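I opened my notebook to look up a few residues one by one. Here is what I wrote down along the way.

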Amino acid sequence: MGLTDLWVFVALALTIASASLVQGNSEGDALYALRRSLADPDNVLLSWDPNLVCPCTWFHVTCNQDNQVTRLDLGNSNLSGHLVPELGKLEHLQYLELYKNNIQGTIPAELGNLKGLISLDLYNNNISGTIPPSLGKLKSLVFLRLNDNQLNGPIPRALANVSSLKVVDVSNNNLCGTIPTSGPFEHIPLDNFENNPRLEGPELQGLASYDTNCV
């Protein structure tokens, strides 16, 4: 290898390393924003050190071979606080598991940016507000479990266009309007919508708008 070729090789290696560093910092910043927004009495997030370049060494965080965050497993961890829009920057995330905590506030619309997300499990919290229509952009989503929260408003019709959806559970909330019946909703059992006192039952095609008086 000549000297010129060697310099080209070194420059390429440095470029790749720099890109990996930026990726690690960006994802670490997003996760640390979540840590700052949560109360953690059991020190589950103690290993989340913002001084480490890559969050892949943090407990409850899983990465792929390229050191990109693919899983966040914080179910049943006695956490409280709220979710942060920075979670939408974890562009390789496939599993967001935050069930059975005491998380409050709303679901950030930015979660709709997680194009590779397979599972969104936020059930058994105290999350309020509406289900963001932006979740309809999650074309890889298979599991959407939002049951046992304080959610209100309609079930976004954009979710009916997510053909990959196999499991939807929004029971035990305060949703209103009607239940979608097209796309993946054709096969979702009605039990997964129960105990929403303002939910009026399956949508009847061709009748009045499903979200009449639904706010």
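Predicted model: local features only at pLDDT ≥ 70, side-chain atom pairs only at ≥ 80, totals over all residues.

I began with a side-chain pair: Arg-157 and Glu-203 are joined by a polar contact of 2.9 Å between their side chains.

Next I asked what else the side chain of Arg-157 comes close to. I found that one of its polar atoms lies 3.0 Å from the backbone oxygen of Ile-155.

Where does Arg-157 lie? I placed Arg-157 in the loop that runs between strand E9 (152–153) and strand E10 (167–169).

Is Arg-157 buried or exposed? I looked up its relative accessible area, which is 19%. Buried means under 20%, so Arg-157 counts as buried.

Then I turned to backbone angles. I noted that Asn-76 has a phi near 55 degrees, which is a positive value in a residue other than glycine. I located Asn-76 in the loop between strand E3 (69–73) and strand E4 (80–82). Its relative accessibility is 59%. The cut-off for exposed is over 50%, so I wrote Asn-76 down as exposed.

My last stop was Asn-195. What is its phi? I read a positive value of about 60 degrees, although Asn-195 is not a glycine. I found Asn-195 in the loop between strand E11 (174–179) and strand E12 (198–202). Asn-195 has a relative accessible area of 48%, so I filed Asn-195 under partly exposed.

Note on methods: Residues numbered from 1 in each chain as written. Heavy atoms only, no water. Helix = DSSP H or I, 4+ residues; strand = E, 2+ residues; numbered from the N terminus. Buried < 20%, exposed > 50% of the residue type's maximum accessible area, 1.4 Å probe, protein only. Polar contact = N/O pair within 3.5 Å; in protein donor to acceptor, adjacent residues only side chain to side chain.
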